[in-house]
Amino acid sequence: MTNASLVATFILAGLAHAPELDTFLFGSFLVIYVLTVVGNLLIMLVIIMDPHLHTPMYYFLSNLSFIDMWYCTVTVPKMLMTLVSPEGSPISFPSCVAQLYSFHFLGSTECFLYTVMSYDRFLAISYPLRYASMMNGRTCVLLATTTWLSGSLHSAVQTTLTFRLPFCGPNLIQHYFCDAPPILKLACVDTSTVEMVIFVNIGVVASGCFLLIVLSYVSIVHSILKIRTSEGRWRAFQTCASHCTVVLCFFVPCVFIYLRPGSKDAMDRIVAVFYTVMTPLLNPVVYTLRNKEVKKALLRLKDKVVHFQSK
């Protein structure tokens, strides 16, 4: 792919902001990044160590935490570097390729995983007596593996389409990470066909996943309304509320950036913050503060640590 390009290094422009906000933004995003990594690591640790959480729901949640931890790691460190460098942060051509591939790989895998998680909740609520046999260990591994492989294939298509083009002129990327829309603007040839293919590719994945998620939750609501007790209905709604919150925060900004005609650099960069920085942070916040089982598991883990230290 690099043989077609004369550009050896790109420059990431970073977020559009007033220079006096550099220190504030750097500190804010650094704190968010640390909280995101630590929070998702903690979720994975609790799920692995607590036998009470060895269920399909938490198996998929541990996958989500792993994705989110690396998802923000792909973009946030480079964003921080743009905030300490007024001229922008340089990134080599191979590193830009790797960043775009990793970003779309993790992002599309998360998209597929949200779909699998909604299907898991549909089975748990609609078929409680058959759930254990329908969502057994082998099925969970198969579904998770499929999401990772599908994400890898989707990202390979995006990356190949983007970097097979020649780049021989400007090298300033109007973004804080390497993404397809701002990179295509730097190509030396007409990119309308490539843009359309990428648009359709992302559109099919995003709309397909979102449609399946909506169908799952329509079925879930229908099943919840059949529950006779108000306490049972409330418990079922709580189980799904956190998933719906994170799904909306992930899909809405993605649709705004990738599935609309035209592109405004400054606005796209601001909106991208929601799904590259905020959504990975929402995962540990929503799934721990709103989940009694995880809270109890955290307390049990704390007791184990205190007991171990007292010996």
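Close-up 1. Cys 178 is buried, at a relative accessible area of 0%, where buried means under 20% relative accessible area, exposed over 50%, and partly exposed in between (1.4 Å probe, protein chains only). Cys 96 sits in helix α3 and Cys 178 in the loop between β3 and α6 (180-184), so the bond ties together parts that are 82 residues apart in sequence. Helices (H or I, at least four residues) and strands (E, at least two) are DSSP runs, numbered from the N terminus.

A word on the model before moving on. This is a predicted model, in which local features need pLDDT of at least 70 and side-chain atom pairs count only at pLDDT 80 or more, while totals for chains, interfaces and linings use all residues. Residues are numbered from 1 along each chain as its sequence is written, and side-chain values use heavy atoms, with hydrogens and water left out.

**Close-up 2. The disulfide of Cys 168 and Cys 188.** The structure holds two disulfides, and this view takes the one joining Cys 168 to Cys 188, S to S 1.9 Å. It links distant parts of the chain: Cys 168 is in the loop between α5 (137-163) and β3, and Cys 188 is in the loop between α6 and α7 (192-225), 20 residues apart. Cys 168 is partly exposed, with a relative accessible area of 45%, and Cys 188 is partly exposed too, at 36% relative accessibility. Count the bonded cysteines along the chain and the disulfide pattern reads 1-3, 2-4.

**Close-up 3. Cysteines to check by eye: Cys 72 and Cys 209.** Cys 72 is in no disulfide, and the nearest cysteine sulfur, that of Cys 254, is 15 Å away. Cys 72 is buried, with a relative accessible area of 1%. For Cys 209, the closest cysteine sulfur belongs to Cys 111 and is 3.4 Å away, too far for a bond. Cys 209 is buried as well, at a relative accessible area of 5%.

**Close-up 4. The three-stranded sheet and helix α3.** Here three strands make an open sheet in the order β2-β1-β3, with mixed pairing. β2 (89-92) and β3 (172-173) stand at the edges with a single partner strand each, so one side of each has no neighbour in the sheet. α3 packs on the sheet and touches β1, β2 and β3, its direction making about 90° with that of β2. Contact means heavy atoms within 4.5 Å; axes are lines fitted to C-alpha atoms, for helices over the stretch in contact, and angles run from 0 to 180 degrees between N-to-C directions. Strand β1 (residues 9-12) pairs with β3 in the parallel sense over two bridges, and two strands pair if DSSP finds at least two bridges between them. Look for Ile 11, which stands opposite Leu 172 in β3.

**Close-up 5. Gln 99 and its contacts.** Gln 99 lies in helix α3 (residues 93-126). Gln 99 is buried, with a relative accessible area of 6%. Leaving aside neighbours within four places in sequence, Gln 99 is in contact with Val 74, Thr 75, Lys 78, Ile 91, Phe 177 and Cys 178.

**Close-up 6. The ring pair of Phe 10 and Phe 167.** There are 19 aromatic pairs in the structure. Rings of Phe, Tyr and Trp (its six-membered ring) pair if their centres lie within 6.5 Å; planes under 30 degrees apart count as stacked, over 60 as edge-to-face and the rest as tilted. Phe 10 and Phe 167 are edge-to-face, 5.8 Å centre to centre with 90° between the planes. Phe 10 is in strand β1 and Phe 167 in the loop between α5 and β3, so the pair ties together parts that are 157 residues apart in sequence. Phe 10 is buried at a relative accessible area of 0%, and Phe 167 is buried at 0% relative accessibility.

**Close-up 7. The ring pair of Tyr 114 and Phe 250.** The ring centres of Tyr 114 and Phe 250 are 5.4 Å apart and the planes are at 65°, so this pair is edge-to-face. Tyr 114 in helix α3 and Phe 250 in helix α8 (residues 230-258) are 136 residues apart. Both Tyr 114 and Phe 250 are buried.

Terms used. A disulfide is a pair of cysteine sulfur atoms within 2.5 Å.
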